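Visitor: I would like to learn how to read a model like this one. Where shall we begin?

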Amino acid sequence: MVSLGSPRLRFVRGLSVWVSLAVALLAVVGTSRAQAAASRRVAVLRLDIQAGMAPNNEDFLRKTLMEGLANADFQVFGGLTVTQLLKQGSRLENCRQESCYQEIARSLGVEYLVTGNIEVDRKNYNIKLELISGRDGKKIDSYEEPCQLCGIREVGTKLEELVQAVRRGAETAAAAAPARYAVDSRPSGAEVFIDGRSAGVTPLSIDLTAGAHKLTVQAAGFETSERSLNVESGTSGVMSFDLSPGGGVIGGRGPSRMWAWSAIALGAASVATGLFLWKEVHGQYLGCAQPRGERDPMRCEKADIRAAELEAGVAMGAGGMLMVAGGAMLYFLPSPGPSTAAAPSSSLAKGFVAGVRGRF
């Protein structure tokens, strides 16, 4: 039998702790790499190769480009996926304008586009790749490498070196690029404010500079949701908001809540009026009622007393009903605080769900 304080048991416990920490660390690293790869989605639009090269050599270079991008932690789209999109209209296939690049990137859901050109003069090659931003369709940079008196394998090696340059260019661009987030809400059509300025209605994509920002989502008839978030350059993600039925005014003090408090205040005033009528007005002596025709002040048939019980009762009853109605409205209205949802990343504010997120 092994005692609880034996060296063997302490060793087993210590080993289990270190194993658990190692597993957790590997999980975090794996998740970070998956997120980073997801944020580097690239589509290879074309690799133009001078006519006259053997078809098997062309296939080798195209395969080298695709595999090189994948090995550089890009999520690569190419081949039939891109070809089918471009064949939908000759405008996209032949267009070299920024608007076309934006449309292609948006349709494929990628951050970057890559185009290439290989010029061949006997055994001399000139290899060129261009990296294009999917956000605005503008060229980020171009990368060129000559290869003199090279065989096809050497050309493939040069192409792989250019892919690494493309990767570094994407890292630099991501570090300087604003964060991009897709904002969605239920119900859709809610207005989004960034730092107090209207950014549009959901669903929409927004670009945020690095730093602290205040995001507000509001819709008529729903509680407004506010978030404070701190973003990093080059990140991307999804923010989803579930708006609760209610006022729809910033701060959670919408019309419904305002009417509830107004009813309570009015009811309290009405009850106070009823108490005043009962205590101060009802039963007050107004004078002496004399028989008809009499004018003798010494002869009094009965005293004239003010009766206000009806008015006091109506005022207190109506006030009580108003206060009960206002309290019921406050009880059944949703909380004015923002709805809570899990945020898996510490750089995002609590209260929204972050989907894809990552940086180079």
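Visitor: In the hairpin of strand 4 and strand 5, which residue takes a positive phi?

Guide: Helices (H or I, at least four residues) and strands (E, at least two) are DSSP runs, numbered from the N terminus. The hairpin of strand 4 and strand 5 has 5 residues between the strands, and glycine 137 takes a positive phi near 75 degrees there. This is a predicted model, in which local features need pLDDT of at least 70, side-chain atom pairs count only at pLDDT 80 or more, and totals for chains, interfaces and linings use all residues. Residues are numbered from 1 along each chain as its sequence is written, and side-chain values use heavy atoms, with hydrogens and water left out.

Visitor: Over how many bridges do strand 4 and strand 5 pair?

Guide: Two strands pair if DSSP finds at least two bridges between them. Strand 4 and strand 5 pair over 8 bridges, in the antiparallel sense. Within this pairing, lysine 139 in strand 5 stands opposite isoleucine 132.

Visitor: Which residues other than glycine have a positive phi, and where do they lie?

Guide: Arginine 122 has a positive phi of about 60 degrees and is not a glycine. Its place is the loop between strand 3 and strand 4. Leucine 149, also not a glycine, has a positive phi of about 50 degrees, and the loop between strand 5 and helix 6 holds this residue.

Visitor: Are arginine 122 and leucine 149 buried or exposed?

Guide: Buried means under 20% relative accessible area, exposed over 50%, and partly exposed in between (1.4 Å probe, protein chains only). At 77% relative accessible area, arginine 122 is exposed. Leucine 149 is exposed too, with 68%. For the protein chain, buried residues make up 36% of the 360 residues.

Visitor: Which residues have the most contacts inside the largest nonpolar core?

Guide: A nonpolar core is a set of buried Ala, Val, Leu, Ile, Met, Phe, Trp, Tyr and Cys residues joined through side-chain atoms within 4.5 Å. The largest one here has 29 residues, and Leu65, Phe74, Ile118 and Tyr125 have the most contacts inside it. Two or more residues come from each of strand 1 (41-49), helix 2 (55-71), strand 3 (112-121), strand 4 (124-133), strand 5 (139-147) and helix 6 (152-176). Helix 6 gives the largest share, 8 residues. Apart from this core lies another, of 17 residues, with Tyr181, Ala219, Met239 and Leu243 among them.

Visitor: What does isoleucine 118 touch?

Guide: Contact means heavy atoms within 4.5 Å. Not counting residues up to four places away in sequence, isoleucine 118 touches Leu47, Asp48, Ile49, Gln50, Leu61, Tyr125, Asn126 and Ile127.

Visitor: At what angle do helix 3 and helix 5 cross?

Guide: Two packed helices are described by the angle between their axes and the distance between the axes. Axes are lines fitted to C-alpha atoms, for helices over the stretch in contact, and angles run from 0 to 180 degrees between N-to-C directions. The axes of helix 3 (residues 80-87) and helix 5 (residues 98-108) come within 11 Å and cross at roughly 130 degrees. That makes helix 3 oblique to helix 5; angles under 35 degrees count as roughly parallel, over 145 as roughly antiparallel, 65 to 115 as roughly perpendicular and the rest as oblique. On the helix 3 side the contact is made by Thr81, Val82, Leu85 and Leu86, and on the helix 5 side by Ile104, Ser107 and Leu108.

Visitor: In what order do the 4 strands of the open sheet lie?

Guide: The order is 8-7-10-11, with antiparallel pairing. Strand 8 (197-201) and strand 11 (225-231) stand at the edges with a single partner strand each, so one side of each has no neighbour in the sheet. Neighbouring strands of this sheet are turned by 25 degrees against each other on average, direction ignored. Strand 10 (residues 211-218) is joined to strand 11 by 7 bridges, and threonine 216 stands opposite glutamate 226 in strand 11.

Visitor: Which peptide bonds are cis?

Guide: The bond from arginine 186 to proline 187 is cis, with omega near 5 degrees. Proline 187 sits in the loop between strand 6 (179-186) and strand 7 (191-194). The bond from threonine 202 to proline 203 is also cis, with omega near -5 degrees, and proline 203 lies in the loop between strand 8 and strand 9 (204-208).
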